[in-house]
Amino acid sequence: MRESIIMKIHYGTALAAVALVAVHILMRLTQGFAESLQYDSVITNYKFLPYAGMLEIILILLSIHGFNGLRVILLELKQGRAYEKAVSYGCIVAIIALIVYGSRTIIMVNTGMM
Amino acid sequence: MALTSGLAENSPLSSFQLITLRIARYNPEHDSAKTFMEFQIQYEKWTTVLEAILEVKKYFDHSVAVRYSCRQATCGSCGMIINGKPRLACFTKISELNSNIITVEPMNNFPIIRDLAVKFERLFDTHHKIKPYLIHDDNEITKDTKEFLQSPEELEQYIQFSNCIKCGLCNSACPTMATDSSFVGPQALAQAYRYVADSRDKGKDNRLKIIDDSHGIWRCHFAGSCSQVCPKGVDPAMGIQLLRGYMLGFRS
Amino acid sequence: MTNQDEHKEGIGGMINPRRYGVERVAYLLMRLSGLGLLAYFIGHIYETSTILKGQVGWNEFLELTQTNAGHAILAIVIAMCVFHTVNGIRVMLGHGGIGVGKPARPDYPYTPASQNIRHKIGIYSAIILAAIAMMYGLTVMFGE
């Protein structure tokens, strides 16, 4: 993939994440910070499908943005064909792993499989 | 070692002062690390760092290696780190540094030949890589006009960037260049903009493709250090962001 | 060719914020906040997965975070998040060529148009907003 496409995705995920994370934080504040973290409150949030969907989108956006940012820093720190391939593929694996791990929580709580 | 020069000692009108000039000495062929030699140099308010170094070569140690030519910020030869920042030695007056100790070192991010002289091969390679010439399908000799007309407004779009003297100070100050050996660098990227913005040039797509790789334009993070050290007011950071504007669809 | 041969400044030069003004400070803070936020994000994903262990598991982990140290870390995360967002928007606009000035014949002494007051205000705003958000976060967390 061309670097310009990767960086457009980087910027796009950042802008989308800003809007959705703002909603995520506002939910904590409007419900009362401590109350919103209580077990029952969290379960209720997860079971509300639009909110669970939003969490899933945030998970995908921030995983891509975060690990691509890490890839950029690592590529600038050291060079070499093998190293750069390892960094790029390593970041792709990390993105997938984090999305799978986070999705597992969202899906299992949302569907009551816990 | 501290030696004192006799600069201007015979002039009755002189109002010279003394500074300590610390010169980095390093020969990669037989030295394991950089060392510093100190010299006491007399200077007037108009004395440049290059003149002080040449004073050392003249009276104390002719083996100090330094590259220079025009002495008027035109040839781009005498770039070096002066008191921690990349500067042209011929364009930096000792009096403006406000320090009694002047430390001169070779430019960072360039391989050292010896002492203050560094290799420019990589800078010239990356400069060449972005095709620093007009790309045009028409042959002006066969055209009736025999010239490419350009309005003053079109000229303004790139003329600032054609002031580049390839001194390498921008590459020396760049934080990405500090660790990334493959980065194209601010000098070449600013020159890519200079040609892309030229209304006579038709090589935009070609150049944008060249700089669109994992060590190309996207490794610039707009820290702006390149523009702060440019001795010719080129403002490479501006050129790079304007160039990226084409790639992000903000400019056409 | 090794780092020594290339005479590269290295990580020390890259992270040194003292020589080139507030823009270089912003560059460093952007990197540090990005790395910090990624670390927090990974931790947050793990933290929230404890809910799968039921109420006991969730409360156990919640207790760990509801400490003074936990609140302080969260306050720093809030500051990093706000700085990274505001400065990120500034940098993104700059990357598009917006607010970086127009090419013009330079006059001595050369002041780079790209390092203009708009961007400096953007950087200081990011720092101030991050501090305010952190203070607000501390008030909310320690107030309850």
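What follows is a friendly conversation about this predicted model and the reasons behind the words used for it.

Colleague: Let's start with chain A. How do you know how far to trust the prediction there, and where is confidence lowest and highest?

Modeller: The mean pLDDT of chain A is 95, and 100% of its residues reach 70 or more. Helix α2 of chain A (residues 33-36) has the lowest confidence, with a mean of 87, while helix α4 of chain A (residues 49-77) has the highest, at 98.

Colleague: What is the secondary structure of chain A made of?

Modeller: Chain A has 5 helices and 0 strands. Read from the N terminus, the order of elements is α-α-α-α-α.

Colleague: How do you know how chain A stands against a compact globule of 114 residues?

Modeller: By setting two values side by side. For a compact globule of 114 residues the radius of gyration would be near 13 Å, but that of chain A is 17 Å. The C-alpha trace of chain A spans about 50 × 30 × 20 Å along its principal axes.

Colleague: On to chain B. Why are α5(B) and α6(B) called roughly antiparallel?

Modeller: Their axes cross at roughly 165°. Angles over 145 degrees count as roughly antiparallel, therefore α5(B) and α6(B) are roughly antiparallel to each other. For orientation, α5(B) covers residues 186-196 and α6(B) covers residues 204-211, and their axes come within 10 Å. The crossing of α5(B) past α6(B) is left-handed.

Colleague: Which residues make that contact of α5(B) with α6(B)?

Modeller: From α5(B) there are L189(B), A192(B), Y195(B) and V196(B), and from α6(B) there are K204(B), R207(B) and I211(B). By class, this contact has 5 nonpolar, no polar and 2 charged residues.

Colleague: And what makes α2(B) and α5(B) roughly parallel?

Modeller: Helix α2 of chain B (residues 121-129) packs with α5(B) at an angle of about 25°, the axes being 8 Å apart. Since angles under 35 degrees count as roughly parallel, α2(B) and α5(B) are therefore roughly parallel to each other. Here α2(B) passes α5(B) in a right-handed crossing.

Colleague: Which residues hold that contact, and how do they divide by class?

Modeller: On α2(B) they are L123(B), T126(B), H127(B) and K129(B), and on α5(B) they are Q187(B), A188(B) and Q191(B). The contact of α2(B) with α5(B) divides into 2 nonpolar, 4 polar and 1 charged.

Colleague: Now the chains together. How do you know that chain B and chain C are in contact?

Modeller: Residues count as in contact if their C-beta atoms lie within 7 Å, and 37 residues of chain B are in contact with 32 residues of chain C. On the chain B side, α7(B) (225-229) and α8(B) (236-247) are the elements that give two or more residues. The largest share comes from α8(B), with 6 residues. The side of chain B that touches chain C holds 17 nonpolar, 15 polar and 5 charged residues.

Colleague: How many residues make the contact of chain C with chain A, and which element of chain C gives the largest share?

Modeller: There are 21 residues from chain C and 20 residues from chain A. On the chain C side, two or more residues come from each of α3 (21-49), α4 (54-65), α5 (68-95) and α6 (117-143) of chain C. The largest share is that of α3(C), with 9 residues. By class, the side of chain C that touches chain A has 12 nonpolar, 7 polar and 2 charged residues.

Key
Residues numbered from 1 in each chain as written. Chains lettered and ligands numbered in written order. Predicted model: local features only at pLDDT ≥ 70, side-chain atom pairs only at ≥ 80, totals over all residues. Contact = placed C-beta atoms within 7 Å. Helix = DSSP H or I, 4+ residues; strand = E, 2+ residues; numbered from the N terminus. Nonpolar A, V, L, I, M, F, W, Y, C, P; charged D, E, K, R; others polar. pLDDT = per-residue confidence, 0-100. Axes fitted to C-alpha atoms, helices over the stretch in contact; angles between N-to-C directions. Parallel < 35°, antiparallel > 145°, perpendicular 65-115°, else oblique. Left-handed = near helix turned anticlockwise from the far one by under 90°. Rg over C-alpha atoms; globule rule 2.2 N^0.38 Å.
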